[in-house]
Amino acid sequence: MPLRAYLCGHLPLAMHFGWITAAAVVSANSFAAVAAWPKQTRVSLAFKSTCLASAAAAYVSVTSGDPVPSFVVAWALAAVASDGGRSDAGDVGEEALRQLGPMSSLSEPQLKAALRKLAKDAQRLSLIHISE
């Protein structure tokens with residue numbers, strides 16, 4: 001793929017997919033909070049929606065050979081979680097937030113390793129070929 005086509009066509013769409021995927025997670029969880037769903041249901045939705053968004057981005061990255069969707073989803077979800085959930089501590093509870101912590105610290109190294117392997121495989125298989 002020529003560099004111009006990648007920068008003007010493929011890259012913006014890949015980034016948009018990542019942002020929309022993360023926005024869907026935020027919207028679903030915001031709706032659950034506004035609708036006053038039970039605490040356990042909201043915590044379960046937070047886990048499941050984050051895992052689903054990560055899986056969708058990983059699938060698109062693996063099938064397209066482009067790590068951009070996974071990077072954008074990880075970046076967006078990290079930004080959402082940057083306050084450590086403190087804004088929800090009074091509503092959800094400190095214990096539920098503490099339980100979320102180890103999950104994120106385990107997934108970050110695994111995600112980095114998977115994306116490194118994906119990038120190497122994509123280069124090796126010439127799935128991503130950017131020409132000048």
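Ala-53 is buried, with a relative accessible area of 4%; buried means under 20% relative accessible area, exposed over 50%, and partly exposed in between (1.4 Å probe, protein chains only). The model is predicted, so that local features need pLDDT of at least 70 and side-chain atom pairs count only at pLDDT 80 or more, while totals for chains, interfaces and linings use all residues. Residues are numbered from 1 along each chain as its sequence is written, and side-chain values use heavy atoms, with hydrogens and water left out.

**Overall architecture**

The protein chain contains five helices and zero strands, in the order α-α-α-α-α from the N terminus on. Helices (H or I, at least four residues) and strands (E, at least two) are DSSP runs, numbered from the N terminus. Of the 132 residues, 25% count as buried. Among contacts with a separation of 6 or more, 66% join residues 24 or more positions apart; contact means heavy atoms within 4.5 Å. The accessible surface of the chain comes to about 8,600 Å², and 67% of this belongs to carbon and sulfur atoms; the areas come from the Shrake-Rupley method with a 1.4 Å probe, and for residues only the protein chains shown count as cover.

**Helices H2 and H3**

The expected span of a helix is 1.5 Å times one less than its number of residues. For both helices below, the span from first to last C-alpha is close to the expected value.

| Helix | Number of residues | Span, first to last C-alpha | Expected span |
|---|---|---|---|
| H2 (residues 39-64) | 26 residues | 37 Å | 38 Å |
| H3 (residues 68-80) | 13 residues | 18 Å | 18 Å |

The buried residues of H2 include Ser-49, Ala-53, Ala-57 and Ser-61. An α-helix has 3.6 residues a turn, so residues three or four places apart point the same way. In H3, the buried positions are Val-68, Pro-69, Ser-70, Val-72, Val-73, Ala-76 and Leu-77.

**The nonpolar cores**

Ala-53 lies in H2. Beyond its neighbours within four places in sequence, Ala-53 is in contact with Thr-21, Val-25, Val-73 and Leu-77. Ala-53 and Ala-24 stand 29 residues apart in sequence, with a C-alpha to C-alpha distance of 8.4 Å. On the same terms of sequence separation, Ala-57 is in contact with Phe-17, Pro-69, Ser-70 and Val-73.

The largest nonpolar core has seven residues: Ala-22, Val-25, Ala-53, Ala-57, Val-73, Ala-76 and Leu-77. Such a core is a set of buried Ala, Val, Leu, Ile, Met, Phe, Trp, Tyr and Cys residues joined through side-chain atoms within 4.5 Å. H1, H2 and H3 each supply at least two of its residues, and H3 gives the largest share, three residues. Another core, of five residues, lies apart from it and includes Tyr-6, Leu-11, Ala-14 and Val-68.

**Surface and loop features**

Trp-19, in helix H1 (residues 3-34), counts as partly exposed because its relative accessibility is 38%. With Met-15 and Trp-75, Trp-19 makes a nonpolar surface patch of about 320 Å².

Ala-36 lies in the loop between H1 and H2 and counts as exposed, at 59% relative accessibility. Its phi is near 60°, a positive value in a residue other than glycine. Most residues other than glycine have a negative phi. Gly-65, which follows H2, also has a positive phi, near 75°.

Terms used. Patch = residues over 30% accessible without salt bridge, like charges linked within 9 Å, V, L, I, M, F, W, Y side chains within 5 Å. Salt bridge = Lys/Arg side-chain N within 4 Å of Asp/Glu carboxyl O.
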